[in-house]
Amino acid sequence: SGKFYQGAPTEASQATLASVSPVFAVMKLDKEGNTTYFEKKKTELYQELGLQARDLRFQHLMSIATRNNRIIMRMEFLKAVITPEFLLILDYGNLNLEHWLFNELASQLAGEGQLVTYSLPFEFRAIEAILQYRISKLQGRLNTLQPQILETLEALVDPKLLSVDRSKLHILLQNGKSLSELETDLKVFKETILEILDEEELIEELCLSKWTDPQVFEESTSGIDHAEEMELLLENYYRQAEDLANEARELRVLIDDSESIIFINLDSHRNVMMRLNLQLTMGTFSLSLFGLIGVAFGMNLESSLEEDPRIFWLVTGIMFLGSGLIWRRLLSFLGRHLEPPLPPHVPAVLKKSQPAAGKVEIKSNLKAEAFGLSRSTLTNQ
């Protein structure tokens, strides 16, 4: 009875763990492209595949690993387990994968697509199909962003615009954020493949059939190096990702340059407005200065000048004429101090003689150094 009571909690805990184990919706594809669908608990699935629970955890957004002659791949939403005989897609009900899974993947594995690894074992086809899908998704995101960014920048960089459209800036901000996310995904894709390319043992482990099929092993030892074929396959997609990263980098540089141009245009318009404001301030100062004469004559003081009708026009003319002269003088002073000075004039004779003089000086220095070296050599001898 003591043994019974000791074993009862263990059985209850195992039953509880089995009940809470996640269930995978699995899509299975074999070499001929035949597809089957079923649901299986995680505990049952990793036991059938000869794996451990942590192998089906899929912690990273992108990873390629080998466990017990199985390839475990994660490409963002895609979770796959590759064996020498079949391909398992876990949680295939994602909306972003339905078209590719149901219309393209099965035909690619059966040999009806555009893969270049049909003459190689099954795992080569499965890996190439998944990598091709991932690259095509990244290429599609770049093709969507590129025209939007170029159109927005063309509208913002127009020098005729006195102000910047805030809606265009909002669109550019969103596109810049999407471009940053794309650059991050490309970087992760390249780093994941590069980690495998740097380790020869990892490339060997990806060749599953080499260690299970005797015929494939004999082909690999006789001349067809499957590890080299796997390396070339990974390098091909690494190069495609590098090309996409370069295009994304060019877009980023274009955005940065356009932002500089936008700021320069805004500063130019701002300077024009400040200059106009300064000119109007000078004009106001000039009128106020000579307006003191009118203020003096407007005081309630009697003199003999207010009796002459010509004094009004004379004083008014002096005020406007003096204000105009003072304003003109201030504008000329402003122009002399704000306009950039002209570069100094260099005679043509000096321009032609400078390179020659530089060459003569360099030659003389070389001769002096050579003479000093030869002299020191003779002294040592």
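What relative accessible area does Glu76 have?

Guide: Glu76 has a relative accessible area of 27%, so it is partly exposed. Buried means under 20% relative accessible area, exposed means over 50%, and partly exposed lies in between, with a 1.4 Å probe and protein chains only. The model is predicted, so local features need pLDDT of at least 70 and side-chain atom pairs count only at pLDDT 80 or more, while totals for chains, interfaces and linings use all residues. Residues are numbered from 1 along each chain as its sequence is written, and side-chain values use heavy atoms, with hydrogens and water left out.

Glu76 sits in the loop between β4 and β5 (78-82). Helices (H or I, at least four residues) and strands (E, at least two) are DSSP runs, numbered from the N terminus. The backbone of Glu76 stands out too. Its phi is near 60°, a positive value in a residue other than glycine.

Asn69 is another such case. It has a positive phi of about 60° and is not a glycine. Asn69 occupies the loop between β3 (62-67) and β4 (70-75). Its relative accessibility is 25%, which counts as partly exposed.

Next, the aromatic rings. The whole structure holds four aromatic pairs. Rings of Phe, Tyr and Trp (its six-membered ring) pair if their centres lie within 6.5 Å; planes under 30 degrees apart count as stacked, over 60 as edge-to-face and the rest as tilted. One of the pairs is Tyr37 with Phe102, which is tilted, at 6.0 Å centre to centre and 40° between the planes. Tyr37 is in strand β2 (residues 35-41) and Phe102 in helix α3 (residues 98-110), so this pair ties together parts 65 residues apart in sequence. Tyr37 is partly exposed at 43%. Phe102 is partly exposed as well, at 40% relative accessibility.

Trp100 and Tyr133 have ring centres 4.3 Å apart and planes at 20°, so they are stacked. This pair also links distant parts of the chain: Trp100 is in helix α3 and Tyr133 in helix α4 (residues 122-156), 33 residues apart. Trp100 is buried at 5% relative accessibility. Tyr133 is buried at 9%. Ring pairs also join Tyr37, Tyr92 and Phe102 into a cluster.

Now the surface patches. Patch residues have over 30% relative accessible area and no salt bridge; like charges are joined within 9 Å, and nonpolar side chains (Val, Leu, Ile, Met, Phe, Trp, Tyr) within 5 Å. A salt bridge is a side-chain nitrogen of Lys or Arg within 4 Å of a carboxyl oxygen of Asp or Glu. Accessible areas come from the Shrake-Rupley method with a 1.4 Å probe, and for residues only the protein chains shown count as cover. Asp and Glu count as negative, Lys and Arg as positive; His and the chain ends are not counted. A charge is placed at NZ of Lys, CZ of Arg, CG of Asp or CD of Glu.

One negative patch includes Glu191, Asp198, Glu205 and Glu229. Helices α5 (166-197), α6 (200-206) and α9 (226-297) each supply at least two of its residues. Helix α6 gives the largest share, three residues. Glu191 belongs to helix α5. It is partly exposed, at 39% relative accessibility.

A nonpolar surface patch consists of Phe285, Leu289, Leu292 and Val295, with about 390 Å² of accessible area together. Val295 lies in helix α9. It counts as exposed, at 53% relative accessibility.
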